[in-house]
Amino acid sequence: MTASDAGKGPEPSSEHAVLVVGMHRSGMSVVAEAVGRLGLWLPGGSDPLGHTRDGDRRRFESMALAAESDEALRRLGGSWDAPPPIPGDHAASVGLASMLERSRRAFAAAFGEHDGPVCWTDPRTALLLPFWRQVIDRPVAAILCLRHPLEVARSLEEREAVELPAGLALFERYLRCAVAGLEGLPVFVSDFSDAVGDAGSWGREVNNWLHEVGVVPPGASAHDGSDLPFEDSLRHFRDGDGPVGPRERRLAAAQQELYDELLALRGPHRSFRYELVSAESLWTTYALGQRLDAARMWHGIEWLGQELAGQLLSTPPNEPGRRGDPQPYLLNATEDEYRYRSWLTARGEDTSTRSVAPEDLLASSEPASGYSAALRRLGPRGAEARSVRARSVWARSVLGRPAIGRPAIGRPAAPPVEPPARDRPLFSVVVPCYRTPIDMLDHCVASVLAQSYSSWELCLCDDASGDSALSQRLAFLADSEARISFTTRTDNGGISAATNDALALARGRYVVFLDHDDELAPDALGRIAQSIEERPEADLIYSDEDKIDTAGRRFMPSFKPDWSPDLLTSNAYMCHVLVVRRDLVNELGGLRSEFDGAQDYDLMLRVSEVTSAIVHIPEILYHWRTAPGSASGDTDAKPWAFEAGRRALEDAARRRGITATVVHHPSVPGSYHFMREPRSTHLVSAIIPFRDEPALTAACYRSFVKSPGYDNFEILLVDNDSALPETRALLEDLARDRRVRLVEAPGPFNWVSINNEAARKARGDLLLFLNNDVVARSRGWLAAMVAQAERPEVGAVGARLLYPDGTIQHAGVIVGVGWAATHIQQGLDGDKPGYLSLTTVTRNFSAVTGACLMSRRSVFEEVGGFEEELPIAFNDIDYCLRLRRLGLLVVYTPLAEMTHFESKSRGNSDDVKEAPFFRKRWRSVMLAGDPYYNRNLGRFDNGCRLPVEEDEERWEKFLSMLGESSTS
């Protein structure tokens with residue numbers, strides 16, 4: 001071992017990558033956070049994993065890079081918790097060599113174009129260091145994190161359900177691979193106890209080591225490392241805590257020796273070289289070999305099930321997003337930054353929104369007619385703008401608009417055609433300003449000046465900033481462009497007051513709300529004008545959006561559903577871009593200062609109460625700036641704004657005469673649970689078909705009556721030829737409950753006939769169709785469903801269903817996706833909120849599953865019940881679509897959460913007979929696209945991901961199944 005090399009240190013570099021490596025649960029995230037505070041760049045945008053629901057700190061572990069490591073381990077034949085034997089030359093293996101380029105792109109995407117020193121942590125890199133050293137095109141240094149093996153194993157046991165012996169074996173495998181893979185690198189060996197015990201000394205030592213090895217972060221001299229985020233409370237486990245038997249102590253002996261050996265290396269190493277004294281213990285080799293064999297056998301079983309299901313369905317067996325898909329971290333459209341950049345590029349759009357300075361777009365001798373006219377005036381200073389935006393303008397006009405109903409595989413919409421002058425609406429873009437950084441204001445204003453649509457005015461209001469530079473800038477802009485006006489408040493009134501003062505300057509037919517540091521897409525106003533021409537009755541218009549950082553890099557797209565009144569009571573999903581008819585804003589009294597921070601949410605709620613003429617443009621027309629202290633970049637930055645949103649919802653409930661409790665969503669800041677209370681005491685008839693399976697039926701009954709939150713119900717147990725004596729005994733026992741009735745339904749199983757007949761025998765005004773393999777998980781679940789189902793505008797209500805392993809079985813159904821219809825994000829970890837948090841909030845869908853579905857008897861009878869032509873499959877979706885055709889809403893509520901014991905491996909083989917009938921009946925719906933599923937998302941898996949090139953061919957197949965063609 002060479003602790004350090006003599007002689008002159010390396011030249012300072014701004015391009016290092018510092019890897020924080022070690023075993024899971026060894027405190028690596030807090031080490032990465034500390035290094036970030038010393039000035040290194042951490043993964044940004046949507047990439048970090050974020051806080052978990054139990055407060056686990058993993059926010060500096062890049063999802064994209066973790067996905068690359070998981071894929072590399074999969075290609076080597078294992079996974080993070082069942083690692084394969086790692087050969088010394090694994091980086092040169094055929095499987096990994098083909099990954100090098102894509103992993104380089106993922107690394108670049110994780111850190112953008114930042115050329116300063118970067119830091120990232122991922123335990124998997126300990127197994128794959130030779131591979132990552134080839135991927136990273138920078139000088140590499142590393143911090144090796146140590147922690148007592150029993151502390152690691154106990155933490156893994158509680159947090160990841162890895163049994164303690166396996167955790168000890170993983171500890172040894174990871175650290176042995178790390179020691180071999182770090183050879184020759186500058187390395188700081190850090191022990192968790194040292195860091196927690198004396199964070200100040202640890203920080204200063206790490207800071208000194210970074211400088212010694214040439215890693216000099218910008219501004220590093222301002223932070224010496226003495227004030228870092230280590231707290232003793234982070235140490236949830238200590239050696240000796242809790243019951244650890246003699247067997248575990250014996251198993252831990254080899255790991256203890258390895259740990260003690262590495263402890264001797266604590267501190268800085270300019271060039272790390274060390275050969276471990278002993279070989280890997282026999283126990284570790286055996287235990288991990290057993291785990292690997294078990295994992296491979298399980299994957300083999302899943303693969304076989306997929307192959308058989310694929311053959312039955314005559315669809316490709318390895319479609320992305322199918323159950324059992326071995327790819328980990330299947331990122332959705334918001335999370336997958338690399339695919340989003342590729343998608344933008346394929347559409348001829350740039351991946352950044354770098355703007356031209358406003359003065360380059362001002363003061364021409366002729367009126368501007370959009371961005372192309374501004375480009376002609378720019379001269380030499382317009383070179384960057386031409387390279388950044390002119391290409392995208394040209395590409396949009398050349399590529400044209402995709403055919404209606406086709407998936408948007410990198411095809412942009414056609415550029416808007418500006419209506420004749422007499423028909424063009426004037427847009428008043430209102431911008432409240434308060435101590436706005438001049439460069440941010442310039443970007444904001446330039447995005448308006450660069451619009452391809454010319455009929456606009458920009459109304460600015462300075463909310464008594466007291467900033468002379470800002471005042472001068474606003475005056476310059478107003479003097480230079482007749483369409484720009486501004487006013488200055490004499491006192492600081494807050495965002496609503498400033499916006500209202502800007503509104504007082506407005507003359508346009510429509511108001512466009514724009515924050516002072518955000519940007520509009522070049523065609524935003526043109527798209528909005530085009531939408532108004534198509535829907536002249538529109539009162540409120542909103543679009544999709546993405547985020548931009550301070551460098552103009554685009555990420556985190558939000559592809560939203562169409563107008564969803566129940567989603568609006570869960571969060572302000574329509575927020576950007578928000579356009580409202582001006583006379584309607586004035587009629588409602590403008591924005592209200594008592595809801596500052598959520599003033600736009602309050603306005604949306606009030607507008608939606610007086611009009612249903614709400615239009616969604618499924619294109620990204622708005623770029624929301626992320627900056628330190630902004631709500632877009634840090635959900636903890638403005639908790640008062642989230643509280644203002646909750647109060648705005650409470651106020652909406654009072655106006656609407658709804659008895660409801662509004663609470664903050666427990667894991668999604670800025671979202672809410674709008675908990676309605678039932679208005680009446682209608683009898684609920686729960687219809688539960690069964691054939692034997694007495695244990696399931698008994699569990700269903702017990703959970704039903706335990707804490708439904710609603711007492712007026714009857715349970716119809718519909719017996720389809722049960723034969724077991726245990727079933728008879730159960731029914732005799734349940735008959736003692738006067739709320740239980742037994743209904744006979746003999747003959748071959750036909751879900752539709754059984755439920756239709758039982759509905760005729762039910763006494764209730766509300767019908768609940770419930771599978772006998774469903775068990776209630778949440779208190780008050782029945783009351784939550786009743787409160788939704790009794791609403792006159794609602795036709796059906798569905799619940800959130802989880803598999804026994806906690807993954808999602810049902811969180812709503814989307815139509816026209818997955819070759820007919822599919823459950824959105826099925827298989828996702830139930831603890832994750834899902835795409836745009838849609839699996840955990842109340843919202844509208846086109847359909848919900850019949851495994852737990854409630855409807856009013858009156859609407860059930862009006863549409864004739866379930867369709868007899870669909871006896872097994874698609875009957876619930878068909879029923880919901882017929883309700884939608886009547887103008888009724890379908891509501892999904894996560895407040896009714898159940899466990900569904902449906903087999904995850906069963907597949908969809910029972911759908912084959914019914915699928916042609918369903919596709920024929922709802923052909924037009926599938927072609928038009930589900931209004932609650934954005935057309936920009938992929939149509940061939942349920943993960944809410946952006947489409948891939950293969951989707952074009954799949955769409956052609958789907959069209960042929962519908963009797964269509966791409967040219968018809």
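I take helices (H or I, at least four residues) and strands (E, at least two) as DSSP runs, numbered from the N terminus. With that settled, I placed Gln825 in the loop between β25 (821-823) and β26 (843-844).

**Ground rules.** I am working on a predicted model, where local features need pLDDT of at least 70, side-chain atom pairs count only at pLDDT 80 or more, and totals for chains, interfaces and linings use all residues. Residues are numbered from 1 along each chain as its sequence is written, and side-chain values use heavy atoms, with hydrogens and water left out.

**Gln825, continued.** I looked up its backbone and found phi of Gln825 near 50 degrees, a positive value in a residue other than glycine. For burial I use under 20% relative accessible area as buried, over 50% as exposed and in between as partly exposed (1.4 Å probe, protein chains only). Gln825 has 6% relative accessibility, so it counts as buried.

**Ala464.** I found Ala464 in the loop between β7 and α16. It counts as partly exposed because its relative accessibility is 23%.

**A cis bond.** I noted that the peptide bond from His576 to Val577 is cis, with omega near -15 degrees. Val577 sits in the loop between α19 (565-568) and β13 (578-581).

**Whole protein.** I counted 31 helices and 28 strands. Of the 968 residues, 58% count as buried. Taking contact as heavy atoms within 4.5 Å, I see that residues 24 or more positions apart account for 79% of the contacts with a separation of 6 or more.

**Helix α15.** I checked its length first, with an expected span of 1.5 Å times one less than the number of residues. For the twelve residues of α15 (residues 438-449) that gives 16 Å, and the end C-alpha atoms are 16 Å apart, which agrees. Nine of the twelve residues are buried, among them Met440, Cys444 and Leu449. The buried residues pack against β6 (427-433), β7 (456-462), α16 (468-480), β8 (484-488), β10 (519-520) and β14 (614-625).

**α15 with α16.** My axes are lines fitted to C-alpha atoms, for helices over the stretch in contact, and angles run from 0 to 180 degrees between N-to-C directions. The axes of α15 and α16 come within 11 Å and cross at roughly 20 degrees. That makes the two helices roughly parallel, given that angles under 35 degrees count as roughly parallel, over 145 as roughly antiparallel, 65 to 115 as roughly perpendicular and the rest as oblique. The contact is made by Ile438, Leu441, Asp442 and Val445 of α15 and Ala469, Leu470, Arg473, Leu474 and Leu477 of α16. These residues divide into seven nonpolar, no polar and two charged, where Ala, Val, Leu, Ile, Met, Phe, Trp, Tyr, Cys and Pro count as nonpolar, Asp, Glu, Lys and Arg as charged, and the others, Gly among them, as polar.

**α2 with α4.** I found α2 (residues 63-75) and α4 (residues 100-111) packed at an angle of about 160 degrees, with their axes 9 Å apart. They are therefore roughly antiparallel to each other. Leu65, Glu68, Glu71 and Arg75 in α2 meet Arg102, Ser103, Ala106, Phe107, Ala110 and Phe111 in α4. I sorted this contact into five nonpolar, one polar and four charged residues.

**Ser608.** My last stop was Ser608, in helix α21 (residues 599-610). Ser608 counts as buried because its relative accessibility is 16%. Not counting residues up to four places away in sequence, Ser608 touches Trp563, Leu568, Ile614 and Arg656.
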